Amino acid sequence: MEKTRVDQWKGILMVLAGASLWGLSGNVAEYLFSHAKFNVNWVVSIRMLSAGVLLLLMALASSHKAKVWNIWRSKKDAVSLFVFSIFGMLGCQFTFFSSIEHGNAATAALLQFLGPVFIILYITVRFRKLPSPREFGAVMLALVGTFCLLTNGNVHAVTVPAAAISWGILSGVASAFYTMYPHALISKWGSIVVVGWSMVIGGGALCFIHPPWEVHGQIWSLVSCSLLLFVILFGTLLAFYLYLDSLRYITPTQTSLLGSAEPLSATVFSCVWMNASFGLVQAIGGLFIILTVFLLTIGKKAEKTDQQKDVEIHKVS
């Protein structure tokens, strides 16, 4: 059925709201790390476990009820779910928040946005196919943007801590894996079931490193508790719901493009709330990184390769 203009605007507003909540939640996490002394392992595990359980409860109350348990009846799908949970979901969440802990939310969000570039590199190596001129241009644009973001134009001075850069680049790699790997699982079982279980499994695995009941050194107050709840309920659960449900009204291409609101909102909130400073060259670098997504998405031909057709954007940040 053809979507009305009202439906399209509804979808646009939903994905913009969801992406903006992701950007804001990164800044909230940065505040918890720097001001309330929260441990990144603890925050990620609590965030994933809480949001995962809530997502599964939502699935049980919907038409996906049977799929919540039936996914475990297939040994192949169960193994794939575990792989995605550890290397995709947990890998993406942990590296992203670690980059925030060592740097800031804006830089972490922009470096994670390099995920599509790593997808291009993977397809090039895996299928021995040179990238198209547009894809090659996107890679070059991303490299120049990253250089500007990290150095502010001065080759002798890196303005971002090395640990933040390392975790941020790993976050981009994990984001690429997160995007490509679960396509078959999500097509068969639905996003809410796959993401819900992967959050529970990934968060549970991280509990072995930092058990949830170990809260020593953290500064508990009404503010820190409220911000933690915001990360769980608004920065994860609501953001995911808005982003996913927007696909009922607009196309995946439009959704992935509008998802660029995440690094933009993260940058704005970092400058306004966290007093982060960005030089002009850094701002241009961040813009270049965001433009890579537009370059890769706008004007795609109908004759896309089969491998590229399998790449869908299914993101939780």
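Leu 229 is found in helix 11, which covers residues 222-245. In this predicted model, Leu 229 counts as partly exposed because its relative accessibility is 48%. Together with Leu 233, Phe 234, Leu 238 and Tyr 241, Leu 229 forms a nonpolar patch on the surface. The accessible area of the five residues together is about 430 Å².

An α-helix has 3.6 residues a turn, so residues three or four places apart point the same way.

Helix 6 spans residues 115-126 and has 12 residues. From its first C-alpha to its last, helix 6 reaches 16 Å, close to the 16 Å expected at 1.5 Å a residue. Its buried residues are Gly 115, Val 117, Ile 119, Ile 120 and Ile 123. Arg 128 follows helix 6 and has a positive phi, near 50°.

The next topic is contacts between side chains, starting with charged groups. The structure holds 1 salt bridge. Asp 77 forms this contact with Lys 188, and the closest N and O atoms are 2.9 Å apart. Asp 77 counts as buried because its relative accessibility is 10%, whereas Lys 188, at 45%, counts as partly exposed.

Aromatic contacts come next. A pair of aromatic rings is described by the distance of the centres and the angle of the planes. The count comes to 14 aromatic pairs. Two of them are set out below.

| Pair | Distance of ring centres | Angle of planes | Arrangement |
|---|---|---|---|
| Trp 72 and Trp 197 | 5.3 Å | 85° | edge-to-face |
| Phe 177 and Tyr 181 | 4.9 Å | 20° | stacked |

The planes of Trp 72 and Trp 197 stand at 85°, so this pair is edge-to-face. The Trp 72 and Trp 197 pair links distant parts of the chain, 125 residues apart. Trp 72 sits in the loop between helix 3 (65-70) and helix 4, while Trp 197 belongs to helix 10 (residues 191-207). Trp 72 is partly exposed, at 31% relative accessibility, and Trp 197 is buried, at 13%. Both tryptophans also belong to one aromatic cluster, which is formed by Trp 69, Trp 72, Phe 82 and Trp 197.

For Phe 177 and Tyr 181, the planes lie at 20°, so the rings are stacked. Phe 177 is partly exposed, with a relative accessible area of 27%. Tyr 181 is also partly exposed, with 31%.

How many disulfides does a search of the whole structure find? The search finds 0. Cys 148 is in no disulfide, and the nearest cysteine sulfur, that of Cys 271, is 16 Å away. A disulfide requires the two sulfur atoms to be within 2.5 Å. Cys 148 counts as buried because its relative accessibility is 11%. Cys 225 is likewise in no disulfide; for this residue the nearest cysteine sulfur is that of Cys 207, 18 Å away. Cys 225 is partly exposed, with a relative accessible area of 31%.

Terms used:
Residues are numbered from 1 along each chain as its sequence is written. This is a predicted model: local features need pLDDT of at least 70, side-chain atom pairs count only at pLDDT 80 or more; totals for chains, interfaces and linings use all residues. Side-chain values use heavy atoms; hydrogens and water are left out. Patches are made of residues with over 30% relative accessible area and no salt bridge: like charges are joined within 9 Å, nonpolar side chains (Val, Leu, Ile, Met, Phe, Trp, Tyr) within 5 Å. Accessible areas come from the Shrake-Rupley method with a 1.4 Å probe; for residues, only the protein chains shown count as cover. A salt bridge is a side-chain nitrogen of Lys or Arg within 4 Å of a carboxyl oxygen of Asp or Glu. Helices (H or I, at least four residues) and strands (E, at least two) are DSSP runs, numbered from the N terminus. Buried means under 20% relative accessible area, exposed over 50%, partly exposed in between (1.4 Å probe, protein chains only). The expected span of a helix is 1.5 Å times one less than its number of residues. Rings of Phe, Tyr and Trp (its six-membered ring) pair if their centres lie within 6.5 Å; planes under 30 degrees apart count as stacked, over 60 as edge-to-face and the rest as tilted.
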